Amino acid sequence: MLPPPSHSIAVSGSFSIAELEGEPAFDALRGHWDALWQESTDATHYQLWDWQYLYWKHVTPKAVPRFLILQDGVGRVRAIAVLARTRDPGTGLMSTGYIGGMRSDYNMFLAGQDVPESAGMDLLRTVIRRQ
């Protein structure tokens with residue numbers, strides 16, 4: 001079961017986007033994440049739950065993990081945007097980016113095969129707005 005979202009919005013069709021944050025969310029998403037990774041036709045090993053978790057824990061431990069979850073009308077997780085919130089040491093400003101930074105294989109959503117492009121675009125717009 002997923003923890004209650006800190007923010008939730010309705011988007012295209014019968015989809016909604018929930019925002020989760022922190023290590024408990026990371027743990028709660030594991031089963032959903034593994035299922036999406038198996039279903040996805042373009043997932044890379046850098047998108048595995050284990051890889052992302054270990055990267056966050058050991059390379060960017062001061063970052064706060066943040067997830068935007070696309071759910072269908074019955075509450076199934078259909079896509080995950082894996083993000084991290086960090087504070088810039090020079091300016092002190094907070095920013096949100098992908099957990100793996102700008103590395104190419106980290107900067108993709110993990111999505112099920114049946115996710116319509118419009119819902120994926122809603123997820124992308126939400127990532128941009130919530131930074």
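Colleagues, the model before you is a predicted one, in which local features need pLDDT of at least 70 and side-chain atom pairs count only at pLDDT 80 or more, while totals for chains, interfaces and linings use all residues. Residues are numbered from 1 along each chain as its sequence is written, and side-chain values use heavy atoms, with hydrogens and water left out.

I begin with the fold. The chain contains three helices and six strands, taken as DSSP runs numbered from the N terminus (helices H or I, at least four residues; strands E, at least two). Along the sequence, their order is β-β-α-α-β-β-β-β-α.

Next, the surface. Of the 131 residues, 38% count as buried, that is, under 20% relative accessible area (1.4 Å probe, protein chains only).

I now turn to the cores. A nonpolar core is a set of buried Ala, Val, Leu, Ile, Met, Phe, Trp, Tyr and Cys residues joined through side-chain atoms within 4.5 Å. The largest one has 20 residues, and F26, L29, W33, F67 and I80 have the most contacts inside it. At least two residues each come from α1 (23-39), α2 (49-59), β3 (64-71) and β4 (77-87), and α1 gives the largest share, five residues. Apart from this core lies another, of eleven residues, including L70, A79, L83 and L123.

Finally, contacts, meaning heavy atoms within 4.5 Å. Leaving aside residues up to four places away in sequence, F26 touches W33, W49, Q52, Y53, W56, P65, F67 and I99.

Definitions and conventions: Buried < 20%, exposed > 50% of the residue type's maximum accessible area, 1.4 Å probe, protein only.
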